[in-house]
Amino acid sequence: MAATPHVLVIGGGSTGVGIARDLAMREFDVTLLEQGNLTHGTTGRMHGLLHSGGRYAVADQASATECIEENRVLRDIASHCVEMTGGLFVKRPEDDESYFQDKLSGCEECGIPAEVVSGREARQMEPHLATDIDKAITVPDGAVDPFRLVVANAASAQEHGARVETHSKVRDLLVEDGEVVGVEVEHDSGPGLRVHGVEGGREEIRADYVVNATGAWAGRIGDMAGVDIEVRPSKGVMTIMNVRQVDTVINRCRPKGDADIIVPHETTAILGTTDEEVADPEDYPEEQWEVDMMIDTLKELVPMLEEARTIRSFWGVRPLYEPPDVGSEDPTDITRDFFLLDHEERDGLPGMTSIVGGKFTTYRMMGEQIADHVCNQFGIDRACRTADVPLPGSEDFSVLRDYMDEFGLRSPIGRRSVERLGSRADEVLQTAGPNPTVCECEGVTRAEVQDAIAQSGSDLNAVRIRTRASMGNCQGGFCSHRLASELHGEYEEPIARRAWDELLQERWKGQRHALWGQQLSQAALNYALHATTQNRDHDPADGESLDFSAFDSGTDDRTTGAAGTDVAADGGHADGY
Amino acid sequence: MAIDSELLVVGGGLAGLTTAVTAAREGVDVRLVSYKQSTLRNASGLVDVLGYTPDGEGPLTDPFAAIPELPDDHPYRTVGVDGVRSAMDVFDEVTDYRGGHTDTNALLPTHGGTVKPTARYPPGAAAGVASDDRDVLLVGLQSMTDFDAPHVAAHLEAAGVPFDVSGVTIQFPGDLQADAKVTRYAKLLETDPATRDGFVERIEANRSGQQRIGLPAVLGDDDHDRVRTHLESELGAAVFEVPSGPPSLPGLRLEDALFSALDSAGGSFETGNPVVDYEGDDRIDHVLVEKSGTEVPYSADQYVLATGGLVGKGIDSDREGVYEPIFDCHVDHAEDRYEWFDGDVFGDHPFARYGVDTDDRLRVLDADGDPQFDNLRAAGGVLGGYDYAAEKSGSGVSIATGYHAATAATEEL
Ligand SMILES: Cc1cc2nc3c(=O)[nH]c(=O)nc-3n(C[C@H](O)[C@H](O)[C@H](O)COP(=O)(O)OP(=O)(O)OC[C@H]3O[C@@H](n4cnc5c(N)ncnc54)[C@H](O)[C@@H]3O)c2cc1C
Ligand SMILES: Cc1cc2nc3c(=O)[nH]c(=O)nc-3n(C[C@H](O)[C@H](O)[C@H](O)COP(=O)(O)OP(=O)(O)OC[C@H]3O[C@@H](n4cnc5c(N)ncnc54)[C@H](O)[C@@H]3O)c2cc1C
């Protein structure tokens, strides 16, 4: 065995990058493989709630306790990804009083700071709450940006020597003499940054240990080595509003239910969610009733949602797992806890462990336990440092200076750039040329886009998750072509064109669930901008060549070199001012 | 007492303005009421008639030849080829647009790097026609992200244009902040000689003999022809603007031109207040215009609805359905809102064709196919039955139906 064991982590969601960072910091040689972009799976399709644990304080106190511990850790190490909004558990008159009391005492038992406020006090905090709210409990819930957090973890892993490969799908496990010894991976476009048009290929990567952190896909990796991993994928919908109707996380205070949380997130508020078991984590119905239910149920807490504009909806799949002997009927009864499945112990297959279940909020703790487990395999005794060392971007966030002048950025754009970049702001925003805004909805400047391109290759969806460009109200209507142009500096035109097409398709996908009222009008405008003004739907560069000579070539007198104009008769134009 | 006129036009976009100008030129007492800025603020300012068939065939060289082949419910079929031609004649008379010398479409470069078929173009865009084989230098501005000249040039080259094209990016003279509005550039070019000189110098420094120079559409506001011709004579080259937007200066210039045509033809107009309701049964007696909280009646003999489509909310929707907000005109649409669109971003979107249906005199029809009112016609984006974005037919349909509605309404007076 090599002096530095090589560990291969499959899955670039929160769990995978958390593990990769931890192992890299403990001086393992680490390779992370992700089939899509980072956050391609559930992590890029979650609600963005940094749990205080309040949600689980009655029914699942082990999870609740982990949540509050990690909630504190993340505020510290990931400050630039977290907004401490605070949260409320709101009780309506028809909601059960004894459950309210159970919630309060449950929070106390789990060490979650919680206080009761009257309906009036709750409305002073959140004026759009319904007037007939009885009362509420305050808890330290927050909002967390999963994209930023995952990218920061991957960057940290790389700083500690890890190799991170996106758009690289594990096709098979290499099993020799009954032991997992590596994987066969298919790269979309060759190793390294993703570049459109660069030929991909297969690679065999051998490793001393494999960690399967593929969430809802874990069973498929298991199948490759003939082991059974019973993940029970359960889908949930989230609906994004165009503005922040609330600045605090709003939870409905009643036992499990659908459509009971609103999370303020950047410029939006996200309504969620549902919990329904599905057979296939990649192919499940996305239905109108689910979106309608978000609005119709949550308007009982915040009535203005009824008339508000939603900008898109998306679905995620929980990688729920329960040990085979439990057999819950209803997915909401399945524990939110995580499980470490050592396939040597469990299935007599050494060389690989899977991690399933859990929550985003506790990703770091999951990483720590897996890394401890891997250390044990190799008899290595190195302490975990991920709870103490801040992530890149969160190192020195105390100095929120006025960046406006310094970077020539108008507030609030400057403020938002700095919030996204955290302590990397200096490095990214110090540019030579002018730094115009590329995405107006989210206030993303050229420098940020260029920084993201340097990190992610010719992939505009990867740029999007790093910067939030094209994620606001207009959903890329105004900025998609600008982002393509930003790519063009670095990449050839055909590559920029393909990335642009991909971004347009991706943005369209989620909007489809918001197409009525304002957002349908927005979609009609976007369609006109792209198809009418830009003629992108009939791009001659994509199609057959045109016979230009068959079209009008103008009427101008070319001998003067100038196009004739109707005002030339007014006495000459050169000195016409 | 209601404010009275012979013809009341609701909506002041391309369709409403064409209606009002056409009627006013016939001596009709016409009044136009419009709420907000029209779609022209967003639109490129090019006037497409028909670039592709509904099946996606094209680009068409001759839009007029293709009109008789369109589906029955297409607004062009209601108006007929001759109607479309007469409408374009009126348009050509009241604007300085080019392209009327031929039936053949022109291909114009877009800020997205493609070319697109269009029938009429403003003089400022004329030198950009892609069937002209003179070489082109595209010049972008460092902080103007909507027009990236090197990228557009590379894309045009990939599109196979019959001339050499290259792109450079220069810094605009002076120190405009990075996010300055297009109108700031336009004003500076119009009013400040030092800016103009600096601009010419920087373009010249990057030019290697190209006879055509393409720029973002910021060359002046009120006095744009002068700005352009000044640049042309200083550079000794043809200068053209590549439209983008919003806010689109070429679109706004066209709107201004049509409002002054309406003014000179003697029509009256007022903007800023919405029509919110109406009174009447078989005939509309009057409509109600909301002005600072009160509803003021406006009556007329004939009415034309030209409130635009989904973009400007002449057609609106909620989770339950798609509707026309003032007269509650019938808008045919699928009950399931997931059938309003296609899954592909440029798929065949039903929503793009939603709008009101009319008889051959453009009278609005109810769900049973009967005229909803004796005296209500519709024109432009509020009409259903065509997907202007896919066909490239937006402005043409607005002009043709605006003209036809005016003629039909005038005959009833
Ligand atoms: C609707 C919903 C809302 C939620 N809200 C919250 C919340 O508010 N707060 C919270 O804390 N938690 C929340 N969660 C839970 C949380 O999102 C997940 O627990 C967490 O993101 C799981 O991360 P993961 O890394 O384990 O899985 P994933 O993010 O799914 O990562 C697995 C990765 O493996 C990759 N992969 C799969 N197969 C292969 C292969 N063959 N080769 C290479 N890569 C492969 C996938 O592409 C994927 O990116 C929510 C979950 C859902 C569904
Ligand atoms: C982004 C974009 C790009 C385009 N590019 C092109 C192009 O390159 N070439 C082309 O030919 N076409 C183009 N079009 C299409 C073309 O601009 C439109 O089809 C055309 O302008 C529609 O004109 P209209 O008068 O029917 O409607 P609008 O321009 O929408 O005008 C409707 C008017 O009615 C007013 N109104 C609405 N409700 C009320 C009310 N209740 N009371 C009073 N007034 C009201 C509105 O405020 C508005 O002023 C484009 C469209 C868009 C959106």
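Modeller: Helices (H or I, at least four residues) and strands (E, at least two) are DSSP runs, numbered from the N terminus. The model is predicted: local features need pLDDT of at least 70, side-chain atom pairs count only at pLDDT 80 or more, and totals for chains, interfaces and linings use all residues. Residues are numbered from 1 along each chain as its sequence is written, chains are lettered from A and ligands numbered from 1 in the order in which they are written, and side-chain values use heavy atoms, with hydrogens and water left out.

B:L305 counts as buried because its relative accessibility is 0%; buried means under 20% relative accessible area, exposed over 50% and partly exposed in between (1.4 Å probe, protein chains only). With neighbours within four places in sequence left aside, B:L305 is in contact (heavy atoms within 4.5 Å) with B:V10, B:E324, B:I326, B:F327, B:C329, B:L376, B:R377, B:A378, B:A379 and B:V382. B:I170 is 135 residues from B:L305 in sequence, and their C-alpha atoms are 46 Å apart.

Another strand of chain B, β2 (residues 30-34), holds B:R31. Beyond four places in sequence, B:R31 touches B:I3, B:S5, B:L7, B:L8, B:V9, B:S268, B:E270 and B:Y298. Of these, B:I3 is 28 residues away along the chain, with 9.7 Å between the C-alpha atoms of B:I3 and B:R31.

Next comes ligand 2, which lies between chains A and B. It has 37 residues around it (a heavy atom of the residue within 4 Å), and B:T39, B:S44, B:K116, B:G381 and B:S395 come nearest. B:T39 places a polar side-chain atom 2.5 Å from an oxygen atom of ligand 2, a polar contact (N or O atoms within 3.5 Å; within protein, one must be able to donate a hydrogen and the other to accept it, and residues adjacent in sequence count only if both atoms are side-chain atoms). An N or O atom in the side chain of B:S34 is 3.1 Å from an oxygen of the ligand. A nitrogen atom of ligand 2 lies 2.9 Å from a polar backbone atom of B:V275.

Ligand 1 is surrounded by 36 residues, the closest being A:T15, A:E34, A:T43, A:L49 and A:T361. Oxygen atoms of ligand 1 are found 2.5 Å from a polar side-chain atom of A:T43, 3.2 Å from a polar backbone atom of A:S14 and 3.2 Å from a backbone N or O atom of A:G358.

As for the interface, 77 residues of chain A are in contact with 95 residues of chain B. The two chains bury about 7500 Å² between them, 58% of it on carbon and sulfur atoms; buried area is the accessible area (1.4 Å probe) that two parts lose on being put together, summed over both. The rule finds six salt bridges across this interface, each being a side-chain nitrogen of Lys or Arg within 4 Å of a carboxyl oxygen of Asp or Glu. One salt bridge joins the side chains of B:K392 and A:D537 at 2.7 Å, N to O. On the side of chain A that touches chain B, α7 (288-298), β22 (437-439), α15 (480-488), α16 (493-511) and α17 (517-533) each supply at least two residues. α17(A) gives the most, with 14 residues. By type, that side divides into 33 nonpolar, 25 polar and 19 charged residues; Ala, Val, Leu, Ile, Met, Phe, Trp, Tyr, Cys and Pro count as nonpolar, Asp, Glu, Lys and Arg as charged, and the others, Gly among them, as polar.

In chain A, A:S470 lies in the loop between α14 (460-467) and α15. A:S470 counts as buried, because its relative accessibility is 1%. Residues that A:S470 touches, beyond four places in sequence, include A:C439, A:L483, A:L503 and A:R507.

Helix α13 (residues 446-456) of chain A is mostly covered, with eight of its 11 residues buried. Among them are A:R446, A:E448 and A:D451. A:G457 follows α13(A) and has a positive phi, near 75°.

Finally, A:R148 belongs to helix α5 (residues 146-159) of chain A. At 11% relative accessibility, A:R148 therefore counts as buried. Its side chain reaches the backbone oxygen of A:H80 at 2.8 Å.
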